[in-house]
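Please read the briefing below alongside the sequence and the 3D view.

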Amino acid sequence: MDFIGAMPTVDLTYSDVFLVPRRSEVRSRLDVTLSPGDGTSATLPLVASNMNSVTGPRLAAVLARRGGIAVLPQDMAIDEMERAIRWVKDQPVAFDTPLVLASTATAADALRLIPRAEGQSVVVADQPVPGEKLDARAVKGVLSASRLASVPDDARLGDLLHGAPALIEATELTDSRAAFDLVVAATNDDADAAESVCVVENGVLVGVLSRRSALRRTIYAPALDSDGRLIVAAAVGINGDAAAKARALAAAGANALVVDTAHGHQGGMLRALAAVADLSLGLPIVAGNIVTADGVRDLVAAGASILKVGVGPGAMCTTRMMTAVGRPQFSAVLETAQAARELGAHVWADGGVRYPRDVALALAAGASSVMIGSWFAGTAESPGELRTDENGRQFKESWGMASTKAVQGRFGGLDPYERARKELFAEGISSSKIYLDPQRPSVEDLVDMITSGLRSSFTYAGADSLQEFHLRAHVGLQSAAGYEEGKALPVSW
Ligand SMILES: NC(=O)C1=CN([C@@H]2O[C@H](COP(=O)(O)OP(=O)(O)OC[C@H]3O[C@@H](n4cnc5c(N)ncnc54)[C@H](OP(=O)(O)O)[C@@H]3O)[C@@H](O)[C@H]2O)C=CC1
Ligand SMILES: Nc1nc2c(ncn2[C@@H]2O[C@H](COP(=O)(O)O)[C@@H](O)[C@H]2O)c(=O)[nH]1
Ligand SMILES: [K+]
């Protein structure tokens, strides 16, 4: 990456800068490869933050199916993390995980799980047992969100079905294009028909497929481990026995370990990191958060291969206002990515991403991947309950990992005096409503938007891979008016 003119002497964030188009020989945006090449098997440069309100097993599986990786937060108990990792590994790679409800459940029960949007559906079955594979004969049908939203809240799902469920054998779906055509044929016949089909293998329900997910199969490559299962990362804090926890997570199947604390450039981090690295688990070790080249050198020396970069840019983060500490994120990524590259390490740009352009700029600055928290908290797949406000808008609650709420949860087991001492240092927002975008209620919809923006960014720069993009990105400085000019007009003059 280079700047138009001299390298600025003031630190910059994403809205301060823009990318200049340059001559390109890349023929199509679909010819672009987005793989981060950072030692994980991710095929997209997107990571879901290790925040309690962002990453749970459901979001982790969906993101990995499209090529990203999610990090389970360190606040999960170790047995809960092990269960979550196993659950992700059990999920289908080529189809969507079915959300199965009993025929006796109501429309309101279903709409607590899925947003009212195209492509969202639930499978209705006789007496499903949670966690157990479902015999295909018990499947009664599929109901789409739009149908569920058009009936009374207390309508029973079993009463809303008509006709036999659309079932497709998994063996018929080997070719992605053919799969799309099969789904179209199976969901085409009447206006009330479900938007998804059930996929069956050896008489058991193994997944569902909508038109949109069949199309996504043709565009994305799933992020897989060496056994062909979806990948997931897991975080450990720096207090307690970090090495023992890391060993247990690796044994459970975690594909990357994230050693994480607010101030990553501290002795406690270096000791925890060295203890984890000494285990030689053969997994990428991510560590942070830091914002300086010095931090990179110390953490790489202690065993990190990926640095988590960002202090204060996060949407739930009050660190900069409480402490004045941090660094505008574009410059933090630029400096650390250069230092990391010299050492054969990589950077995940963590926090402050609000638009696809921010992801493109983080990558232009040299990051191999970009971590997203709050944006992904406002999706159907994040862990919280889907709620509806007084105006009918759907939202989820989100909160910072250093907020009073998170600290109370983390240290609930301590005696009241110790807990009160911990609560002194809150550096995050305890409760925020993150509204679902009605056009993009799923994390996959956001991934579609971000990756289409990225594919286009790359071709404007004349790059067909991330490595090329790092080299070819040409960056300029802009005024606040320049940034404002780039926004679309929301209504009219
Ligand atoms: N990216 C960012 O800007 C930030 C991210 N976070 C996130 O919040 C979560 C909780 O992290 P954290 O609060 O570090 O909790 P941890 O449980 O990881 O503990 C941090 C340890 O470091 C010590 N410490 C010393 N100086 C600091 C400091 N300036 N800030 C924080 N701890 C310090 C603490 O001791 P003692 O409590 O006695 O001081 C404690 O022992 C993590 O997920 C982290 O990534 C939090 C803040 C900023
Ligand atoms: N200072 C704080 N930073 C926090 C807190 N909780 C999370 N985080 C950081 O933010 C990013 C996600 O950023 P976003 O803009 O996408 O939401 C996350 O990965 C952490 O590094 C907090 O309480 N305080
Ligand atoms: K902030």
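Cys317 sits in the loop that runs between strand 15 (306-309) and helix 11 (319-323), where helices (H or I, at least four residues) and strands (E, at least two) are DSSP runs numbered from the N terminus. This is a predicted model, in which local features need pLDDT of at least 70 and side-chain atom pairs count only at pLDDT 80 or more, while totals for chains, interfaces and linings use all residues. Residues are numbered from 1 along each chain as its sequence is written, and chains are lettered from A and ligands numbered from 1 in the order in which they are written.

- Cys317 counts as buried because it has 25 C-beta neighbours inside 10 Å; a residue is buried if 20 or more other C-beta atoms lie within 10 Å of its own, exposed if 12 or fewer, and partly exposed in between, with C-beta atoms placed from the backbone.
- Leaving aside residues up to four places away in sequence, Cys317 touches Gly312, Gly351, Gly400, Glu427 and Gly428, a contact being a pair of residues whose C-beta atoms, placed from the backbone, lie within 7 Å.

**Ligand shells**
- Ligand 2 is surrounded by 24 residues, of which Gly314, Cys317, Gly373, Gly400 and Gly428 are the closest; a residue is near a molecule if its C-beta atom, placed from the backbone, lies within 6 Å of it.
- Strand 17 (369-372) and helix 14 (374-377) are the elements that give two or more residues to the shell around ligand 2.
- The shell around ligand 2 comprises 10 nonpolar, 12 polar and 2 charged residues, where Ala, Val, Leu, Ile, Met, Phe, Trp, Tyr, Cys and Pro count as nonpolar, Asp, Glu, Lys and Arg as charged, and the others, Gly among them, as polar.
- Around ligand 1 there are 23 residues, and those that come nearest are Gly237, Thr261, Ala262, Met401 and Ala402; by class, this shell has 7 nonpolar, 13 polar and 3 charged residues.

- An open sheet is formed by 3 strands in the order 18-19-20, with antiparallel pairing, two strands being paired if DSSP finds at least two bridges between them.
- Strand 18 (387-388) and strand 20 (432-435) stand at the edges with a single partner strand each, so one side of each is left without a neighbour in the sheet.
- Strand 18 pairs with strand 19 (residues 394-398) in the antiparallel sense over 2 bridges, and Gln394 in strand 19 is the bridge partner of Thr388.

**Domains**
- The domain assignment, whose bounds come from an automatic or database source, gives domain 1 (2-92 + 222-381 + 439-485) and domain 2 (100-216).
- The contact between these domains takes 5 residues from domain 1 and 7 residues from domain 2, and the side of domain 1 that touches domain 2 divides into 3 nonpolar, no polar and 2 charged residues.

**Backbone features**
- Gly288 and Asn289 are joined by a cis peptide bond with omega of about 10 degrees, and Asn289 lies in strand 14 (residues 285-290).
- Ser280, although not a glycine, has a positive phi of about 45 degrees; Ser280 is found in the loop between helix 9 (267-277) and strand 14.

Technical notes: Contact = placed C-beta atoms within 7 Å.
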